[in-house]
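Visitor: Please bring up the model, and I will ask about it.
Guide: Here it is.

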Amino acid sequence: MLVITAFSARADAEKNYLLHCSGCHLPNGIGDPPNTPTLRDTIGKIVATPEGRDYIIRVPGSSQTPMSDQQLADVLNWMLTEFNSETLPKNFEPLSAQEVSSSRGQILADPLKYRARFWPDN
Amino acid sequence: MKKDSLIDKSYAWLDRHTGDSSRQLARSTSRRGFIGKLGAMLAGVAFLPLLPVSRPFAQETLGEIGDPQSCDYWRYCALSGTLCTCCGGTTTSCPPGAEISPITWVGTCRNPVDDMDYLISYNDCCGKSTCRRCSCHNTERELPVYYPSKSNSVLWCFGTEARNYHCTVAGVLGVAATDD
């Protein structure tokens, strides 16, 4: 039963990705730089740090999307495992709804400036 | 006498040349050869959809009813603009000369055939002046512009060479999540 629930959550995460994110980042996550950054093999590197985990939740494209905390956590975890399997830290702990809830409320006024501190190449 | 011989030789050359050419033509355009090539072409066409080409919309074989040139068509439940089907395009392809925007917004519409919700990608076709045929304004589950990624009021000509709006297509991305 747990397996079925996990499978269903992953399937719904993919559908929510298509509904809320794929319009700009495209269904395969490659984006359209410089209009839209790619999600492939990029965000997997930055979740190795607490700031990086915090950032991918607080970036406006995530935090302002009309999804519940659990749905957003599922979509972010899906993007990390689907598009970043090569760069994801081996000890990666999936984001939880609680983690999303506490980070999401802190508005990121200047995402680019914030991001440059720990992700200077992008 | 000499003249007759020359004519005979000419006829003989003409006969031989015509015969050779006819046989060559017959070898290269036999009915069996034609049928064989036609068969190969038909088989090739049948396998064409299986080739690994880019297909942005995955669910184009689902059962549908309605007129794609009408604003009431189920896929257009949140489309605001002009229907590309009235402007020389299809539900998923732009009219000739217009460029499809890779950046778009995705909504959800219910298919009356199976009563299921599907994810619909509303891609704008850009680079030509606005097509004035079949204007359409539907707003099902569309949100105000302060949710720009869910708004059909935004002109989605991003990532295209020219930004002027021509019309909008509505491709099916797949079945929507159960809790939508």
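Visitor: How many residue pairs are in polar contact across the interface of chain B and chain A?
Guide: This is a predicted model, in which local features need pLDDT of at least 70, side-chain atom pairs count only at pLDDT 80 or more, and totals for chains, interfaces and linings use all residues. Residues are numbered from 1 along each chain as its sequence is written, chains are lettered from A and ligands numbered from 1 in the order in which they are written, and side-chain values use heavy atoms, with hydrogens and water left out. A polar contact is a pair of N or O atoms within 3.5 Å; within protein, one must be able to donate a hydrogen and the other to accept it, and residues adjacent in sequence count only if both atoms are side-chain atoms. Across the interface of chain B and chain A, with both at pLDDT 80 or more, the number of such residue pairs is two.

Visitor: Which element gives the most to the side of chain B that touches chain A?
Guide: Helices (H or I, at least four residues) and strands (E, at least two) are DSSP runs, numbered from the N terminus. On the side of chain B that touches chain A, two or more residues come from each of β3 (105–111) and β6 (165–175) of chain B. The one that gives the most, with three residues, is β3(B).

Visitor: What is the area buried between chain B and chain A?
Guide: In contact terms (heavy atoms within 4.5 Å), 19 residues of chain B meet 17 residues of chain A. Buried area is the accessible area (1.4 Å probe) that two parts lose on being put together, summed over both. Carbon and sulfur atoms give 59% of it here, and the total is about 1,400 Å².

Visitor: Is B:T168 buried or exposed?
Guide: B:T168 lies in strand β6 of chain B, and its side chain makes a polar contact with the side chain of B:Y165 (2.7 Å). Leaving out residues up to four places away in sequence, B:T168 touches residues including B:L79, B:Y122 and B:D124. Buried means under 20% relative accessible area, exposed over 50%, partly exposed in between (1.4 Å probe, protein chains only). B:T168 has a relative accessibility of 4%, so B:T168 counts as buried.

Visitor: How many salt bridges are there between chain B and chain A?
Guide: A salt bridge is a side-chain nitrogen of Lys or Arg within 4 Å of a carboxyl oxygen of Asp or Glu. Over all chains, the whole structure has seven. Between chain B and chain A the count is zero.

Visitor: Which residue meets A:R53 in a salt bridge?
Guide: A:R53 counts as buried, at 14% relative accessibility. Its N to O distance to the partner is 2.8 Å, and the partner is A:E99. The pair links distant parts of the chain, 46 residues apart: A:R53 is in helix α4 (residues 50–58) of chain A and its partner is in helix α7 (residues 97–104) of chain A.

Visitor: What separates A:R58 and A:D54 along helix α4 of chain A?
Guide: A:R58 and A:D54 form a salt bridge, with the closest N and O atoms 2.9 Å apart. Both A:R58 and A:D54 are buried. Because they are four residues apart in helix α4 of chain A, the separation is about one helical turn.
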